[in-house]
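Please look through the report below with the sequence and the model side by side, taking one topic at a time.

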Amino acid sequence: MYTRLGLVIALIIFASDLATKWFVAEVVMNPPRVIEVFPFFNLVLGFNRGISFGLLNSDSPAAPYLLSAFALVVVGLLVVWLRRSKHAAEAAGIGAIIGGAAANIADRLADGAVTDFLDFYIGSYHWPAFNVADAAIFCGVVLLIVPPWLYGSNRSQKRGKI
């Protein structure tokens, strides 16, 4: 029912992420440097050869293909979930995750690593650099978790009626 919504969101995120990665890598960071935007935010150029937070980081030539294959399986499962979605927020969240994951897969297969450029920090503590796809994945997860708490579920409403 909401499959189209999720797929449109996925496509927008996919295109936005790849466009921003290209723009930052080829235009803004040519030559590579740190650009202070705010006292808590920099633009940097980094390449993550692992998954979230650099986990499973590897210089192995097979690593991008293995990580991408795993991510493709996850995307496939998310597409199945999206096709069964009955709520707009759920479809939007799944679409955001699909778009972000697909963009990171495309980036990893093209460059052997995922391009990161958003660097938030407090004092000397820097959160790991990330990109638009990573932010979309995070927001998608929030959309999957928060709406059931805000709106309640049919199950909890039925339990209240004894």
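## A buried serine

Ser68 is buried, since its relative accessible area is 2%, and buried here means under 20%. This residue belongs to helix α2, which covers residues 63-84. Leaving aside residues up to four places away in sequence, Ser68 touches Ile105, Arg108 and Leu109. The model in which these contacts are found is a predicted one.

## The chain as a whole

The protein chain contains five helices and four strands, and when it is read along the sequence these elements follow the pattern α-β-β-α-α-β-β-α-α. Of the 162 residues in the protein chain, 34% are buried.

The four strands form an open sheet in the order β1-β2-β3-β4, and their pairing is antiparallel. At the edges stand β1 and β4, the latter made of residues 125-126, and because each has a single partner strand, one side of each is left without a neighbour in the sheet. Strand β2 is joined by six bridges to β3 (residues 114-122), and these two strands run antiparallel. Within this part of the sheet, Asn42 stands opposite Asp119, a residue of β3.

Helix α1, residues 3-28, packs on the sheet and touches β1, β2 and β3, with its direction at about 85 degrees to that of β3. Helix α3, residues 88-111, also packs on the sheet, where it touches β2 and β3, and its direction makes about 115 degrees with that of β3.

## A network of salt bridges

How many salt bridges does the structure hold? There are two, and they link Asp17, Lys21 and Asp107 in a network. In one of them Lys21 pairs with Asp17, and the closest N and O atoms are 2.6 Å apart. Both of these residues lie in helix α1, where they are four residues apart, or about one turn of the helix.

In the other salt bridge the side chain of Lys21 meets that of Asp107, with a distance of 3.3 Å from N to O. Because Lys21 lies in helix α1 and Asp107 in helix α3, this pair ties together parts that are 86 residues apart in sequence.

## A nonpolar patch on the surface

On the surface, Val37, Phe38, Phe40, Phe120, Tyr125 and Trp127 form a nonpolar patch, and together they have about 600 Å² of accessible area. One of these residues, Phe40, is found in the loop between β1 (35-38) and β2 (41-48). Phe40 is partly exposed, because its relative accessible area is 41%, a value that falls between the limit of 20% for buried and that of 50% for exposed.

How values were computed:
Residues are numbered from 1 along each chain as its sequence is written. This is a predicted model: local features need pLDDT of at least 70, side-chain atom pairs count only at pLDDT 80 or more; totals for chains, interfaces and linings use all residues. Side-chain values use heavy atoms; hydrogens and water are left out. Patches are made of residues with over 30% relative accessible area and no salt bridge: like charges are joined within 9 Å, nonpolar side chains (Val, Leu, Ile, Met, Phe, Trp, Tyr) within 5 Å. Accessible areas come from the Shrake-Rupley method with a 1.4 Å probe; for residues, only the protein chains shown count as cover. A salt bridge is a side-chain nitrogen of Lys or Arg within 4 Å of a carboxyl oxygen of Asp or Glu. Buried means under 20% relative accessible area, exposed over 50%, partly exposed in between (1.4 Å probe, protein chains only). Two strands pair if DSSP finds at least two bridges between them. Contact means heavy atoms within 4.5 Å. Axes are lines fitted to C-alpha atoms, for helices over the stretch in contact, and angles run from 0 to 180 degrees between N-to-C directions.
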